[in-house]
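Colleague: I am new to this one. Could you take me through some of the labels and say what each rests on?

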Amino acid sequence: MNNRPKHLQYRRNIYRKKRTKAIAVIIAVALALLFVLFLIIGNALHKKTSNDEVPSDSGTETTTDDKNNALPSAEAIGAYALPLLKDGSTFSSRLAAIPGDAEAVCIDLNATDGTLYYSSDLSNNFSFLKYASDASPLSSSLSSIAVRGLYVSALLNVPSFAVANDLSREIYLTGWCAVAVEAIRAGVDDCLIKTVSAGADDVDKLCALADLIHEMEKEAIIGIVIPEDVLSARNSEVLISKLNDSFNYLVLNATGAKEDEDVGVYVETRVAQMQMQLIYYKMRVLLPTAEDAATTQKYIDSVKKYNALSWQFLPR
């Protein structure tokens with residue numbers, strides 16, 4: 001028999017109902033907060049994953065594309081050799097001998113030992129820079145070329161990678177960067193760097209050299225004759241790709257035939273072996289200067305046969 005007063009039982013029922021509603025509200029609020037918290041954490045993790053877990057190949061391609069897009073493109077040219085200095089002839093006569101249908105010429109700024117073929121004010125700032133006694137200002141030669149409306153690619157030999165002292169080497173390399181910029185400011189359309197002794201271990205230094213030139217002249221068109229040691233390295237494709245990231249164009253050297261080799265065969269073999277890289281990187285081919293027009297055309301045909309679009313003859 002239940003003797004509890006009815007009003008007390010009623011109050012307890014009301015209290016129980018209120019407590020149940022309160023618990024339900026608390027649970028609902030807690031669930032809502034947890035849901036919001038999960039959304040925040042999920043978004044944060046998603047952003048972090050997107051930034052950190054980019055596939056290496058994709059990341060590399062993006063970086064390369066961004067850098068290449070920042071560099072002006074080099075023109076596809078067919079350039080005939082036009083030495084700035086040469087015994088037995090004048091510059092005007094050498095210029096007049098360039099074929100009438102030519103669109104470009106390749107001049108040489110210096111000898112392989114570094115001696116400049118034009119008079120430069122930079123020799124006052126860099127004591128190691130010397131120029132030939134019969135050298136004239138570069139601007140005068142470029143003015144004569146401009147009359148013909150020819151594109152000018154300037155070949156710059158950089159011999160300083162053989163310097164043993166690293167401090168001296170850095171000074172010399174800075175000097176050669178200044179020479180390249182001087183030529184560009186004088187009016188050459190691009191500057192092609194050819195090293196005397198750089199190897200696979202010097203690729204980063206070569207890239208730094210190109211970057212320094214671009215820092216001084218952002219619109220400069222700078223090329224590099226790929227060192228032989230780079231082409232023969234086990235990781236040659238990686239090294240070539242690095243060079244491609246810093247230089248506006250790459251050049252395959254086809255001038256290295258030995259004395260007892262058939263030069264024409266050497267040139268064609270060289271181009272055939274590198275055909276895929278020539279096409280992929282839109283490389284130019286550096287050709288040996290021939291003694292006659294027929295041989296000159298033979299070398300050009302060897303390049304075109306393998307779908308290479310660009311070539312220039314080495315002045316000598």
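Colleague: Leaving aside its neighbours within four places in sequence, which residues is Asp202 in contact with?

Modeller: This is a predicted model. In it, Asp202 is in contact with Phe161 and Ser197, leaving aside neighbours within four places in sequence. Asp202 is placed in the loop between strand S6 (190–195) and helix H6 (203–216).

Colleague: Why does Asp202 count as buried?

Modeller: Buried means under 20% relative accessible area. Asp202 has 15% relative accessibility, so Asp202 counts as buried.

Colleague: What makes the pair of Tyr80 and Trp311 edge-to-face?

Modeller: Two rings pair if their centres lie within 6.5 Å, and planes over 60 degrees apart count as edge-to-face. The centres of Tyr80 and Trp311 are 5.4 Å apart and the planes stand at 90 degrees, so the pair is edge-to-face.

Colleague: Why is it said that this pair ties together parts 231 residues apart in sequence?

Modeller: Because Tyr80 lies in strand S1 (residues 78–81) and Trp311 in strand S10 (residues 310–313).

Colleague: And why is the pair of Tyr80 and Phe313 called stacked?

Modeller: For stacked, the planes must be under 30 degrees apart. The planes of Tyr80 and Phe313 are at 15 degrees and the ring centres 6.1 Å apart, so this pair is stacked.

Colleague: Is Phe313 buried or exposed?

Modeller: The limit for buried is under 20%. Phe313 is at 2% relative accessibility, so Phe313 counts as buried.

Colleague: Where does pLDDT stay under 50?

Modeller: Over residues 33–68, for which the model has 7 contacts beyond four places in sequence. The protein averages a pLDDT of 84.

Key. Residues are numbered from 1 along each chain as its sequence is written. This is a predicted model: local features need pLDDT of at least 70, side-chain atom pairs count only at pLDDT 80 or more; totals for chains, interfaces and linings use all residues. Side-chain values use heavy atoms; hydrogens and water are left out. Helices (H or I, at least four residues) and strands (E, at least two) are DSSP runs, numbered from the N terminus. Buried means under 20% relative accessible area, exposed over 50%, partly exposed in between (1.4 Å probe, protein chains only). Contact means heavy atoms within 4.5 Å. pLDDT is the predictor's confidence in each residue, from 0 to 100. Rings of Phe, Tyr and Trp (its six-membered ring) pair if their centres lie within 6.5 Å; planes under 30 degrees apart count as stacked, over 60 as edge-to-face and the rest as tilted.
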